[in-house]
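Take a look at the protein shown here.

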Amino acid sequence: MHTSTSKIEITASAEKVWAAITRPDMVKLWQYGSVLNTTWEPGTPIRFTTAWGDKVFEQWGSVISFLPNKMLKYSLFAPRQDLLDSPENYFFMSYVLDENAGKTILSIIQDDPRPQTEPATADDGAGTAILQGLKELVERG
């Protein structure tokens, strides 16, 4: 299994960071316009829909755990031609918040059991850019 972790310090309460990662109107602002659809109840579906040019991309899965202002975890399936929509082809996203002295450390962990299509390489900056967008959204808001 391939695991990657990204961390960012945000000068805001865990409550504000939590809102940015769980409210659909805010998720849309930092995740490239993605529409989030879920109730956040463990065991219920989660779906992200993103329009990119004239194409629509969807990812779906299930909420695994949801502890307000602390941690959430869900599974996701990202369709690829070489993968069937089956349990072994889902990856897992965890968001862990640790608040201290008016700042929150957000850790995003992706556990991915799927076959890798390319060898692991250094971060291309996309992950950093999306986290920086989240940070700016929360800190200005």
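Glu139 is partly exposed, with a relative accessible area of 34%. Buried means under 20% relative accessible area, exposed over 50%, and partly exposed in between (1.4 Å probe, protein chains only). The model is predicted: local features need pLDDT of at least 70, side-chain atom pairs count only at pLDDT 80 or more, and totals for chains, interfaces and linings use all residues. Residues are numbered from 1 along each chain as its sequence is written, and side-chain values use heavy atoms, leaving out hydrogens and water.

**Salt bridges**

Glu139 pairs with Lys135 in a salt bridge. The term means a side-chain nitrogen of Lys or Arg within 4 Å of a carboxyl oxygen of Asp or Glu. Both residues sit in helix 3 (residues 126-140), four residues apart, about one turn of the helix. Lys135 is buried, at 17% relative accessible area. The structure holds five salt bridges. The table lists some of them.

| Pair | Closest N and O atoms |
|---|---|
| Lys135 and Glu139 | 2.8 Å |
| Arg80 and Asp82 | 2.9 Å |
| Glu9 and Lys103 | 3.7 Å |

Glu9 lies in strand 1 and Lys103 in strand 7, so this pair ties together parts that are 94 residues apart in sequence. Glu9 is partly exposed at 41%. Lys103 is partly exposed at 35%. Arg80 is partly exposed too, at 24%, while Asp82 counts as exposed at 53%.

**The fold**

The protein has three helices and seven strands. Helices (H or I, at least four residues) and strands (E, at least two) are DSSP runs, numbered from the N terminus. From that end, the elements run β-α-α-β-β-β-β-β-β-α. The radius of gyration, taken over C-alpha atoms, is 15 Å. Buried residues make up 37% of the 141 residues.

**The sheet**

Two strands pair if DSSP finds at least two bridges between them. Six bridges join strand 5 (residues 71-76) to strand 6 (residues 91-100). One links Met71 to Val96 in strand 6.

Notes. Rg over C-alpha atoms; globule rule 2.2 N^0.38 Å.
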